[in-house]
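Keep the picture open as you read.

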Amino acid sequence: METPALVPFDSADALASSVAAAWLDEIAAANGSRARHCVALSGGRITLKFFALVLEQARTRAVSFGNVHFFWADERCVPPDDPESNFAAADKHFFQPLGAAANIHRIRGEDVPTVAATLAQEEMLRIVPRNAAGQPVLDLIFLGMGEDGHVASLFPGEPESFVGDQAVYRAISNSPKPPPNRVTLGYAAIAAAQKVWVLASGAGKETALRESLKPDGQTPLARVLRSSKATVFTDITTPWS
C-alpha cells in the first residue's frame, strides 16, 4: 500500500476553499478538451460550506459546468425534497444557485432501495466509460468520513461478501445511522475512479482518521485508501501522531 496523500489545513474554511479551487481546475481542464467531467457528490457537514465556496469561485473565474455530469456516492432512501436527502441539499445550496440542471443523475431515494440501486447503476453505466472489469471510471468522487470511519454508506463491520460485491451501486437496508435504507457506491466502483477526494473534517473524528491511515486499518475509509487513487484533505489535528 502506498502512503495516502494527506493534505492538512488549519480550518474547515481553508479546506473547503482549497478543494473548491482544485475542483474548478479539474472542470476547467475538461472544458478545455471538450470532455465530460463525471463526478459523484457526497453529503456531510462540510458539504454546504464547500458548495458555497465553489459557487463563489466559479463566478469569479467564469467556469462553466455545462460538461459536468453529477452523480452521487450515496443517498438516503427518502423523497428528493426530504431534509435527509443528499440530493435535496445539493439542489437547494448548489444546483439552483448555479442554474445547472441538465446533467444531474440523482439516485431515486423515493423508490425501493434495490430498484433505486439498479436504476442508478444503469444510468451511470449509460454515461460513464468503463474499465476492463466493467466498472464505471468516474473522473472524481467526493467522500466524507464519519466518526466511525464510514464513507458514503459503507459502514464498519460488513461481511466480506458485501465488501467484495462488484455491483456499482448497492442497496443498504440496515444502516447503523438513520435512515436505515440507503443506496451506495460499492468499493469496486470507488476504486475504479480516476481520483477520490476525501474531505475529513470536524471534531470527534481523530481516532477514525488515525485508524484509517494505518496500513492495516479496518475502517471503510482504510479500505478505500488501500484500493483507490485517494487524497485526504483534513482539518483534523495531527491524526497520524
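Predicted model: local features only at pLDDT ≥ 70, side-chain atom pairs only at ≥ 80, totals over all residues.

A residue is called buried when its relative accessible area is under 20%, exposed when that area is over 50%, and partly exposed in between, using a 1.4 Å probe and protein chains only. Residues are numbered from 1 along each chain as its sequence is written, and side-chain values use heavy atoms, with hydrogens and water left out.

Back to the rings. Rings of Phe, Tyr and Trp (its six-membered ring) form a pair if their centres lie within 6.5 Å; planes under 30 degrees apart count as stacked, over 60 as edge-to-face, and the rest as tilted. The whole structure has 17 aromatic pairs. In one of them, Phe65 and Phe70 are stacked, because their ring centres are 6.4 Å apart and their planes sit at 20 degrees. Phe70 is buried, since its relative accessible area is 1%, and the value for Phe65 is 7%. Phe65 also pairs with Phe94, but here the centres are 5.8 Å apart and the planes are at 80 degrees, so this pair is edge-to-face. Phe65 lies in the loop between H2 and E3 while Phe94 is in helix H3, so the pair ties together parts 29 residues apart in sequence. Those labels come from DSSP runs, numbered from the N terminus: helices are H or I with at least four residues, strands are E with at least two.

Next, strand E3 (residues 68-72), where you'll find His69. Why does His69 count as buried? Because its relative accessibility is 8%. Contact means heavy atoms within 4.5 Å. Skipping residues up to four places away in sequence, His69 touches Arg36, His37, Cys38, Val39, Asn103, His105 and Ile127.

Now for the core. A nonpolar core is a set of buried Ala, Val, Leu, Ile, Met, Phe, Trp, Tyr and Cys residues joined through side-chain atoms within 4.5 Å. The largest one has 72 residues, and Trp23 and Leu185 touch the most other members. Helix H1 (residues 12-32) supplies the largest share of this core, seven residues. Beyond its neighbours within four places in sequence, Leu185 has contacts that include Trp72, Met124 and Ile190.

On a 1 Å grid over the protein atoms alone, a cavity is a set of points where a 1.4 Å probe fits but cannot get out, while a pocket is an open set with protein on both sides within 12 Å along at least five of seven lines; lining residues have an atom within 4 Å of a point. Grid points are joined across faces, edges and corners, and a volume is the space filled by probe spheres set on the points.

The largest pocket has a volume of about 640 Å³. Of the 32 residues lining this pocket, Gly43, Gly44, Arg45, Thr47 and Arg76 lie nearest its centre. H2 gives the largest share of that lining, four residues. The second largest pocket comes to about 210 Å³, and its lining takes the most from strand E6 (residues 169-172), with three residues. As for the largest cavity, its volume is about 100 Å³, and its lining includes Phe50, Phe51 and Phe142.
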